[in-house]
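Here are my notes on the model you sent over.

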Amino acid sequence: MTFPHHRHAAHCESGVVSNLVCHHGVPITEAMAFGLSAALSFAYLPFIKLSGLPLIAYRQPPRSIIRGLGKVLEAEFRFETFRNPAAGQARLDELLAQGHVVGLQTSVYWLPYFPEDMRFHFNAHNLLVFGKEGNDYLISDPVGEQTVRCDAASLSRARFARGVLAPRGLLYTMQKPGVSTITSRAARKAILKTCRTMLAPLPIIGVRGIKTLASRVARLDPAAHRSSLFVGHIIRMQEEIGTGGAGFRFLYAAFLQEVASLSGMGMLSGFSDRLMLIGDGWRAFALATARMVKGRDALNPVILADLLRDLSRQEEVFFRDLKTALN
Amino acid sequence: MDLQNVPQDGNKTLGGYRKAVYARDAGGHIVVAASNGWEVEEIVTSQAVEEMRSLAETARQNAINGLSSTLEYWMYARRMDLLLLAQSTGIWRWRIRRHFRPEIFARLSPGMLKRYAEALGLAVQQLQRLP
């Protein structure tokens, strides 16, 4: 049994939802799914801790891509959570028997096919199940190039992991496909929403959030072991956990470029180029940080904070201009 | 990022996987490219993995020396911390901290041991031993 709509994606949620929508006959790229759901963001949430480190996100919270895209496409997704693993597995088997392709939210840690060093207790991973053979589920995990298999016990454990963002066995199916063409109007609305998020008057969100994170970094004690872990953690959230590079900035640039071909949106191709350059700036920040983590350069929080402040300024100008261009 | 600059550093941490990144081809189109890793990512991931390994190793030594129970070792070996273990078992943190004391851990009821073992993906006998 194969799943012809498995495509390699940068990010699990945008990958899963675009592959699922394709399966239902609406050809859509990962970048389009990401952009139309207005998923680009920045959030620094010091009061939510993952392994003792603050939550730093370069995108909107889990499930917002699926919900957001559903709204834009007028498609209908059905979400179900479960009290106990047995009920969750029974329902999954039932849906598969009916021929559905089913989306799941899982922990990364308990998925045996993940590389050992990438297995952390992160609970908002997404994947598609497209079949079952014997005791194995057939899985299209878009962060991998090929489809994989996972035994029932491990998958159940991954679905019912507890902790921050616990999936509670969440599964989702697409009930009806909705519209199949993407209009300039829908794209414009989504982009303006992202501009609003990035320019939000809140100190922990968008360009202001980046600035607040910069101030936090500037206060780190260069001699403390914890400081190195803190800055390393920022880079993991930005690059390693599947963002397509530069904390989703490259992915969003791909979206802007795709939208530029819609009628009346030609001006976006210049914005796409600009965002690619800003993304290169984020990559330079990652490189500078990694050199300090590795000890090739001395840990200098002030330099890193300045790089972050500069990125915040660049993104502020960028999203202001983008907003003006669309109004 | 241009296509020819997509890092192919062969990260050990990716275990042979390739990840999708977005880069610009010669014609200026942004396309998906498969990367077998960027050294920057390997550095920060290894740092996080190493940190957890060292916490587990310290806990292992403490368990050998009778300063801590095997529960603390297994918590770190499963890449958890006190908060996550508390959330995964539904046991309060102060109680778990108490169970880190070897003499108290030795007296835990079978039901309590089972709760810990299940949350950590272990058999009860494993939980009571070091590997």
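1. Start with A:Ala38, which sits in the loop between helix 2 (30-36) and strand 1 (40-50) of chain A. Keep in mind that this is a predicted model. The phi of A:Ala38 is near 50°, a positive value in a residue that isn't glycine. Is A:Ala38 buried or exposed? A:Ala38 counts as buried, because it has 25 C-beta neighbours inside 10 Å and the cut-off for buried is 20 or more.

2. B:Arg79 isn't a glycine, yet its phi is positive, at about 60°. You'll find B:Arg79 in the loop between helix 2 and helix 3 of chain B. With 19 other C-beta atoms within 10 Å, B:Arg79 comes out as partly exposed, since buried would take 20 or more.

3. Now for chain A as a whole. Chain A has 11 helices and eight strands. Its radius of gyration is 20 Å, close to the 20 Å that the globule rule gives for 327 residues, so chain A is as compact as a globular protein of that length. The C-alpha trace of chain A spans about 55 × 50 × 30 Å along its principal axes. Of the 327 residues in chain A, 46% count as buried. As for contacts in chain A with a separation of 6 or more, 68% of them come from residues 24 or more positions apart.

4. There's a helix pair to check in chain A. Helix 7 (residues 206-218) and helix 11 (residues 301-326) of chain A have axes that come within 8 Å and cross at roughly 170°. These two helices of chain A are therefore roughly antiparallel to each other. On the helix 7 side, the residues making the contact include A:Val207, A:Ile210, A:Leu213 and A:Val217; on the helix 11 side, A:Leu304, A:Leu308, A:Leu311 and A:Glu315 are among them. By class, this contact has 12 nonpolar, two polar and four charged residues.

5. Chain B has a helix pair to go with that. The axes of helix 1 (residues 39-64) and helix 2 (residues 70-77) of chain B come within 8 Å and cross at roughly 165°. Which way do helix 1 and helix 2 of chain B run relative to each other? They are roughly antiparallel, because angles over 145 degrees count that way. Helix 1 of chain B passes helix 2 of chain B in a left-handed crossing. Helix 1 brings B:Met52, B:Leu55, B:Ala56, B:Ala59, B:Arg60, B:Asn62 and B:Ala63 to the contact, and helix 2 brings B:Thr70, B:Glu72, B:Tyr73, B:Tyr76 and B:Ala77. Sorted by class, the contact of these two helices of chain B has eight nonpolar, two polar and two charged residues.

6. Last, the place where the chains meet. How many residues of chain B are in contact with chain A? There are 33, and they touch 42 residues of chain A. On the chain B side, strand 1 (19-24), strand 2 (30-35), helix 1 and helix 3 (82-89) each supply at least two residues. Helix 1 of chain B gives the most to that side, with nine residues. By class, the side of chain B that touches chain A has 19 nonpolar, seven polar and seven charged residues.

Notes. Residues numbered from 1 in each chain as written. Chains lettered and ligands numbered in written order. Predicted model: local features only at pLDDT ≥ 70, side-chain atom pairs only at ≥ 80, totals over all residues. Axes fitted to C-alpha atoms, helices over the stretch in contact; angles between N-to-C directions. Helix = DSSP H or I, 4+ residues; strand = E, 2+ residues; numbered from the N terminus. Parallel < 35°, antiparallel > 145°, perpendicular 65-115°, else oblique. Left-handed = near helix turned anticlockwise from the far one by under 90°. Contact = placed C-beta atoms within 7 Å. Nonpolar A, V, L, I, M, F, W, Y, C, P; charged D, E, K, R; others polar. Buried ≥ 20, exposed ≤ 12 C-beta atoms within 10 Å, placed from the backbone. Rg over C-alpha atoms; globule rule 2.2 N^0.38 Å.
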